[in-house]
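The following note sets out numbered points for a colleague who is reviewing this model. Please read each point alongside the coordinates.

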Amino acid sequence: MLEGEPVHIRFPDGRGVDVPRGTPAGGALALWDPGRAGTFLAALWKGLPVDLASPLLEGGELAPLSFADRAGRDILQHSAAHLLAKALVETIPEARPTVGPPTDEGFYYDFEVRPLTPGDLDAIRTAMHRSVQAREAFRRREVSRDEARTLFARNPYKLRYIAEVPEGEAVSVYDTGAFTDLCRGPHVPDTGWLAGVHVLGFSAITPDAPGSVPLQRVRGVGFPTPKELEAYLKLRAEAEARDHRTIGSRQELFLFLDEAPGFPIWLPKGMVMVRELEKFVTEHLREAGYAEIRTPLLFAQSVYETSGHWEHYRENMFLSTVENRVFGWKPMNCPGSMLVFGSRSRSYRELPLRLAEFAPLHRLEASGTLHGLTRVRELVQDDAHIFCTEEQVEAEIRVLLRWIREAFSTFRLTWSYELSTRPAKFLGEAALWDRAEATLEKLLKESGIEYRVSPGEGAFYGPKIDIHIRDSLGRPWQTGTIQLDYQIPQRFRLEYQGPDGQLHTPVVVHRTILGTWERFLGVVIEHCAGRFPPWLAPVQARILPVTEHQAPGANGLADELRAVGLRVEVGGTEESLAKRVRTAELDRVPYIAVLGEREIADGSVALRVRGQKANRPMSRPEFVEYVRDRVRRREYDP
RNA sequence: GCCGCCGUAGCUCAGUCGGUAGAGCGGCUGAUUUGUAAUCAGCAGGUCGGGAGUUCGAUUCUCUCCGGCGGCUCCA
């Protein structure tokens, strides 16, 4: 091809254009769609991401990338990481940058550098801002391996990455002002695109590799404009306001003491909610043919040796030595259920045998991982074990998948499924694992469920389907789990007599739906920002007499509500009505009933529904029935 | 557990460049009897997370332990 000879470029809408050879990708895209060209931050050239400055040397397919595309978003995050590295090295010249990838949330960059301080962060932010103002270009250069090794001679991390570049692939570096980083690219055209970048914080991390030194990880987020960044930061501030730890304290649901780290203390109002969840789950258990049992919190070491927990889970167990015998606090309910099943001979006619147990479990979680209600050391699962034949497994799991849909819909949560497969440390034979994994996968597929596969994340005894629920800000939490287990029943030598007269080992499905009361409530609190559905609310209605003359009437109404099983409080009259309404709203009480002279006279109530200023007058029986009905139907909104 | 940061009244936070601390809300008492997001006044409440060290003197500086937060790792 001759210099300047036109090349033919095709675009996603099928249109094409001839441009002089060597035209930058950005130039071609501007010809194609001048209106949107300003939002293009990189391009896809023959399916691979490239810089807008990249010259088109031959014909081919060209598509734009903007922030709206995941790939484009990642490019902006990655460019932000470069900008951060530039600023950090300007601030602390001896710092050695390692890697700075985009993440789901934003981006980070790891450095080998002295421990950072908040003051460093300020200096880094200033340096980044300066660079953004200067609109410094990201310039790509391809260099020889020798040149690259010279450029990064002081940085062993980069030298290692240079050595890892496959033979035949060019080593590329990007210059941003005076800063040069090893990078495959592509990048946004210049730092002016990074006005919506914000450094969130830093923390030390310890890389996996043996002998490696701790690194400082600086995290940030990037948006195309400062306005979008502001919107994001506002969302984060809201997330802080709905933190379950804050709401739990404000509404007196639970607390933690220094003397019992990771052990939640349920206060009366929180305990009401735990009981409501229990009731919600238990109703289903009754319909679905479960039986409830209770087994000890402690078992002798030998039980865990049989179950495999001694080998695979001991470091997470609380142990007690009594009369020279070691007892372990159970971290899971399975051993107890196994012992109950094995306590006498069983017939196939009993299967599926569904044993539920809601016992407190103890897990010695590392202190640094504890987090409010969502990561605790004492927890209660809505747990059950289904003992069944291999043929019964599918039907049982189908029921569970249906129940998951129903349960999470009640809370208006969105959830997702994850299939976790055989871990490095596992019990049993690989072939059995493959079969179990195939079964779970088939069930997910036939239900039309979208799921993610997490290789190696299964329990040590079997693969599992995990449920992740997201709170309203999109943060995922693992809750329910369905685990298929061919191992532990064998280890406990569980058997049932089949129709063939032979003894067979049952399969066990371990499953929880909500997961644990603790974590589930933590997420629900954040999801609804403490404005609980009436059925779950610790106080469902508060009755406010306007003056003390209406107090007897208010108490009478409260009795009527209590008589139908509702949780009611009657407000005092020491404070102004406005103040008491305000307090009730801040307490997130779903129904506020005001009783004044008028209401007493005509037997009505002035109902104020939580969050709604306008009040609805209704007769007392109407009011009682209205609240009762919405609670009974577990309506989400009051 | 690892790294960093933090710990002042029940809660949210101010403050002390080393001389033993304040506010708002909440609580209690009194007055007010109130019509839909804060009526007024008064009072009580803190060995400034625990321990040790430096100092004439430590809530303030140092060390250490405990706890919390943000990450890492791990998980329901």
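1. Helix 17 (577–586) makes the greatest contribution to the surface near RNA strand B, supplying seven residues; "near" requires a heavy atom of the residue within 4 Å of the strand. Two or more residues each also come from strand 13 (196–205), strand 14 (215–223), strand 24 (378–388), strand 28, helix 18 (597–602) and strand 35 (604–609). Helices here are DSSP runs of H or I with at least four residues, strands are runs of E with at least two, and both are numbered from the N terminus.

2. The model is predicted; local features need pLDDT of at least 70 and side-chain atom pairs pLDDT 80 or more, whereas totals for chains, interfaces and linings use all residues. Residues are numbered from 1 along each chain as its sequence is written, chains are lettered from A and ligands numbered from 1 in the order written, and side-chain values use heavy atoms, with hydrogens and water left out.

3. Sugar or phosphate accounts for 51% of the atoms of RNA strand B within 4 Å of the protein, and bases for the rest.

4. A polar backbone atom of Ala 204 is 3.1 Å from a base nitrogen of RNA strand B. Ser 576 places a polar side-chain atom 2.7 Å from a phosphate oxygen of RNA strand B.

5. The search of the whole structure returns one cavity of 30 Å³ or more, and the largest cavity has a volume of about 30 Å³. A cavity is a set of points, on a 1 Å grid over the protein atoms alone, where a 1.4 Å probe fits but cannot get out; lining residues have an atom within 4 Å of a point. The volume is the space filled by probe spheres set on the points, which are joined across faces, edges and corners. Its lining consists of Leu 432, Trp 433, Tyr 461, Gly 462, Pro 463, Leu 484, Asp 485, Tyr 486 and Gln 487. Helix 13 (430–446) and strand 28 (476–485) are the elements that give two or more residues to this lining. Six of the lining residues are nonpolar, two polar and one charged.

6. Most residues other than glycine have a negative phi, and most peptide bonds are trans. The bond from Gly 185 to Pro 186 is cis, with omega near -5 degrees, and Pro 186 sits in the loop between strand 12 (179–182) and strand 13. The bond from Leu 351 to Pro 352 is likewise cis, with omega near -5 degrees; Pro 352 belongs to the loop between strand 21 (346–347) and strand 22 (353–357).

7. Positive phi values occur at Lys 46, near 50 degrees, and at Arg 135, near 45 degrees. Lys 46 is in the loop between strand 4 (42–45) and strand 5 (48–50), and Arg 135 in the loop between helix 3 (118–134) and strand 10 (138–143). Lys 46 is partly exposed at 42% relative accessibility, while Arg 135 is exposed at 51%. Buried means under 20% relative accessible area, exposed over 50% and partly exposed in between (1.4 Å probe, protein chains only).

8. The structure holds 20 aromatic pairs. Among them, Phe 341 and Phe 387 are stacked, 4.6 Å centre to centre with 20 degrees between the planes. Phe 341 lies in helix 11 (334–341) and Phe 387 in strand 24, so the pair ties together parts 46 residues apart in sequence. Phe 341 is buried at 0% relative accessible area, and Phe 387 is buried at 0%. Rings of Phe, Tyr and Trp (its six-membered ring) pair if their centres lie within 6.5 Å; planes under 30 degrees apart count as stacked, over 60 as edge-to-face and the rest as tilted.

How values were computed
1 Å grid on protein atoms, 1.4 Å probe; cavity = no way out; pocket = protein on both sides within 12 Å on 5 of 7 lines; lining within 4 Å. Nonpolar A, V, L, I, M, F, W, Y, C, P; charged D, E, K, R; others polar. Polar contact = N/O pair within 3.5 Å; in protein donor to acceptor, adjacent residues only side chain to side chain.
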